Amino acid sequence: MYRLIHNFSLRDHNTFGISAIAKHYLTVNSHGDLLHFLKENNLSDYENRLFLGGGSNLLFINDFNGIVIHPEIGGIRLVSENKSFVEVEAGAGVNWDYFVEWCVEKGWGGIENLSLIPGNIGAVPVQNIGAYGVEAASAIIEVRGITLDSDSPAESVFNQQECKFGYRTSIFKAQLAGQFIVTSVLFRLSKRPGFQLQYEGLIEKVGQIGGTNLRTVRQAIIEIRKSKLPDPVIVGNAGSFFKNPVVSELIAKSLKNLHPDMPQYPIGSGLVKIAAGWLIEKTGWKGKSAGKAAIHDKQALVIINKGGASGKEIFRLSELVAEDVLRKFNIVLEREVQVVGN
Ligand SMILES: Cc1cc2nc3c(=O)[nH]c(=O)nc-3n(C[C@H](O)[C@H](O)[C@H](O)COP(=O)(O)OP(=O)(O)OC[C@H]3O[C@@H](n4cnc5c(N)ncnc54)[C@H](O)[C@@H]3O)c2cc1C
């Protein structure tokens with residue numbers, strides 16, 4: 001089944017809570033229904049297109065004068081298993097954290113560190129979500145969907161390598177942006193999980209809760225996240241607004257000479273990740289507002305909507321912050337949040 005609605009309010013469909021209107025809004029319940037719609041309707045008849053999951057990584061700065069496609073494809077299915085692993089497929093419309101909890105309860109490990117990340121399965125490979133030392137790419141083995149770049153929409157399946165995963169990116173976000181709709185994702189999870197607890201404070205938190213197992217790790221992650229990040233149901237936000245910049249070892253060294261307390265994380269291949277939150281904090285923006293938008297007082301990487309902010313207001317604040325970071329450190333901050341509109 002599919003449903004096409006006109007002049008649809010996106011306010012409850014983006015975690016910033018921005019009041020933007022989509023000229024056309026399509027919901028579909030299955031891969032087959034989406035394919036059917038795309039074969040009967042030419043997407044190039046619409047001025048613009050956007051694929052929307054939970055809207056937790058988007059900033060609307062205008063109304064959307066095109067078609068928003070929102071897959072509501074549900075279903076979680078065990079595809080295969082052996083003594084060590086399971087392969088599980090989940091529909092693009094399944095809530096990510098529901099899926100993580102479901103796997104943890106089954107005793108299948110690999111994604112427990114990604115607990116409580118908002119959004120739906122469809123965006124997971126697009127973004128290659130990551131947290132607490134784990135990226136979704138490590139558990140994804142196939143992404144299924146529909147390619148729109150040819151005259152006729154076609155079903156496509158990408159294996160792990162073809163997804164070209166990188167730091168918060170993939171082929172779906174880069175080369176195939178706007179041309180491939182994810183309809184389901186196949187994950188490989190372990191029946192004998194090894195735990196990734198090296199992230200600061202995690203091992204201690206797990207210890208306080210009890211022995212190390214999937215449930216305690218999930219609970220520890222949830223507690224840490226809740227203590228640091230604002231709940232988007234209460235305060236509009238989209239998590240980290242900026243990516244952590246990556247620089248060469250040479251540049252990292254000269255920055256360290258100038259700022260000995262700058263946290264730096266070598267990531268191999270002669271590259272070093274710098275904590276964007278620290279850079280923003282040092283510009284003095286943490287906890288400060290510009291109109292109805294503000295930098296969160298506990299986590300400088302997060303921009304919040306204090307209530308009634310427009311997308312443009314939030315965008316302007318992000319520009320002010322990025323300009324100050326550039327001026328102070330000569331580092332360009334790249335947005336993690338996708339800005340929609342102009
Ligand atoms: C409080 C908070 C904390 C967060 N913490 C983290 C974190 O720790 N780590 C992290 O990585 N992210 C984090 N995020 C960001 C966000 O949750 C992730 O990027 C998430 O994967 C977005 O999912 P979504 O369904 O909301 O996607 P949306 O915001 O709807 O879309 C994100 C992108 O994916 C595309 N997309 C969505 N669905 C599809 C589809 N079916 N097919 C093709 N393209 C699609 C969209 O077009 C867009 O480009 C956080 C956000 C919030 C609000």
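Predicted model: local features only at pLDDT ≥ 70, side-chain atom pairs only at ≥ 80, totals over all residues.
1. In which loop is threonine 169 found? Threonine 169 belongs to the loop between strand S11 (154-159) and S12. Strands here are DSSP runs (E) of at least two residues and helices are DSSP runs (H or I) of at least four residues, both numbered from the N terminus.

2. Residue numbers start from 1 along each chain as its sequence is written.

3. Threonine 169 is partly exposed, because 15 other C-beta atoms lie within 10 Å. The classes are as follows: a residue is buried if 20 or more other C-beta atoms lie within 10 Å of its own, exposed if 12 or fewer, and partly exposed in between, with C-beta atoms placed from the backbone. Leaving out residues up to four places away in sequence, threonine 169 touches Asn128 and Ala174; contact requires that the C-beta atoms of two residues, placed from the backbone, lie within 7 Å. Leucine 38 is 131 residues from threonine 169 in sequence, and their C-alpha atoms are 26 Å apart in space.

4. Lysine 164 also lies in the loop between S11 and S12. Lysine 164 is not a glycine, yet has a positive phi of about 50 degrees. Most residues other than glycine have a negative phi. Lysine 164 is partly exposed, since 17 other C-beta atoms are within 10 Å.

5. A positive phi is also found at asparagine 7, where the value is near 50 degrees in a residue other than glycine. Asparagine 7 is part of strand S1 (residues 2-9). Asparagine 7 counts as exposed because it has 10 C-beta neighbours inside 10 Å.

6. The ligand is surrounded by 34 residues, and the closest are Gly53, Gly54, Gly119, Gly122 and Gly239. Two or more residues of this shell come from each of strand S3 (49-51), helix H3 (123-127), strand S8 (130-131), strand S12 (180-190) and strand S13 (236-240). A residue is taken as near a molecule if its C-beta atom, placed from the backbone, lies within 6 Å of it. Helix H3 gives the most to the shell, with four residues. By class, the shell holds 19 nonpolar, 14 polar and one charged residues. In this scheme Ala, Val, Leu, Ile, Met, Phe, Trp, Tyr, Cys and Pro are nonpolar, Asp, Glu, Lys and Arg are charged, and the others, Gly among them, are polar.

7. Glycine 53, one of the closest residues to the ligand, is found in the loop between S3 and strand S4 (58-60). Glycine 53 counts as buried because 24 C-beta neighbours lie inside 10 Å. Apart from neighbours within four places in sequence, glycine 53 is in contact with Gly119, Asn120, Gly122 and Ala123. Alanine 92 is 39 residues from glycine 53 along the chain, with 8.0 Å between their C-alpha atoms.

8. Glutamine 127 is in helix H3. Glutamine 127 counts as buried because of its 23 C-beta neighbours inside 10 Å. Its contacts, leaving aside neighbours within four places in sequence, are with Asn57, Arg168 and Lys173. Glutamine 127 and serine 170 are 43 residues apart in sequence, and 6.6 Å apart in space from C-alpha to C-alpha.

9. Helix H4 (residues 202-209) packs with helix H5 (residues 214-228) at an angle of about 115 degrees, the axes being 9 Å apart. Axes are lines fitted to C-alpha atoms, for helices over the stretch in contact, and angles run from 0 to 180 degrees between N-to-C directions. On the H4 side, Leu202, Lys205, Val206 and Ile209 meet Thr216, Val217, Gln219, Ala220, Glu223 and Ile224 of H5. This contact comprises six nonpolar, two polar and two charged residues.

10. Glycine 207 is found in helix H4. Glycine 207 is partly exposed, since 13 other C-beta atoms lie within 10 Å. Between the C-alpha atoms of glycine 207 and valine 217, which are 10 residues apart along the chain, the separation is 9.3 Å.

11. The domain assignment of the protein chain gives domain 1 (2-71), domain 2 (76-228) and domain 3 (236-340); such bounds come from an automatic or database domain assignment. The centres of domain 2 and domain 3, taken over C-alpha atoms, are separated by 25 Å.
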